[in-house]
Amino acid sequence: MKVISKEWLKASRDDMLIIEQIIKQLNKLIDVVKVLDLNDGHHIERELMLVKVKTSKQYRDEVQQLSNSFGGRIIDASENILIIEFTGASTELDNYLKSLNNSLVVEIIRTGASGIGRGDRVLKI
């Protein structure tokens, strides 16, 4: 069985010359088999984010409700801290952070976007 690792790189589409240069540089790498621009077709893009939030009894229910409304899932809870997991489009995760009181945020970990072609679109070698 042949195993291939996929790397996802997100770049702004504002300057096509930059995108072309990125693709050319990636293709120069010895281990790169193929570079595919998912923006050339329909694709699904998601990002994972973990947020550590300070919560007093006063704000705990509010933070839980807000997190639930954005599709968050509490994966760890202690007396004063909640760790919340989110998976979604980068803009959705950004919107959650904008709606959360910054003074409550202890730590944020984000994976960056990952993507896959929709339907029968497959990376073929």
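The questions below go from the overall layout to one helix and then to the aromatic rings.

Analyst: This is a predicted model, in which local features need pLDDT of at least 70 and side-chain atom pairs count only at pLDDT 80 or more, while totals for chains, interfaces and linings use all residues. Residues are numbered from 1 along each chain as its sequence is written, and side-chain values use heavy atoms, with hydrogens and water left out.

User: What pattern does the protein chain follow along the sequence?
Analyst: Helices (H or I, at least four residues) and strands (E, at least two) are DSSP runs, numbered from the N terminus. The protein chain has three helices and four strands. Read along the sequence, they give the pattern α-β-α-β-β-α-β.

User: Which residues of helix H2 are buried?
Analyst: A residue counts as buried under 20% relative accessible area, as exposed over 50%, and as partly exposed in between (1.4 Å probe, protein chains only). The face of H2 turned away from its buried side carries exposed residues, among them Gln58, Asp61 and Glu62. In helix H2, which spans residues 57-69, the buried residues are Arg60, Val63 and Ser67.

User: Which elements do the buried residues of H2 pack against?
Analyst: Packing is judged here by contact, meaning heavy atoms within 4.5 Å. By that criterion, the partners of the buried residues of H2 are strand S1 (43-54), strand S2 (73-77), strand S3 (81-88) and helix H3 (90-99).

User: How many aromatic pairs are found in the whole structure, and what is the geometry of the one formed by Phe70 and Tyr96?
Analyst: Rings of Phe, Tyr and Trp (its six-membered ring) pair if their centres lie within 6.5 Å, and planes under 30 degrees apart count as stacked, over 60 as edge-to-face and the rest as tilted. A search of the whole structure finds two aromatic pairs. Phe70 and Tyr96 lie 5.5 Å apart centre to centre, with 70 degrees between the planes, and their pair is edge-to-face.

User: Which residues form one aromatic cluster?
Analyst: Phe70 lies in the loop between H2 and S2, 26 residues from Tyr96 in helix H3. Phe86 and Tyr96 form a tilted pair, at 4.2 Å centre to centre and 40 degrees between the planes. Both Phe86 and Tyr96 are buried, whereas Phe70 is partly exposed at 32%. The one cluster consists of Phe70, Phe86 and Tyr96.
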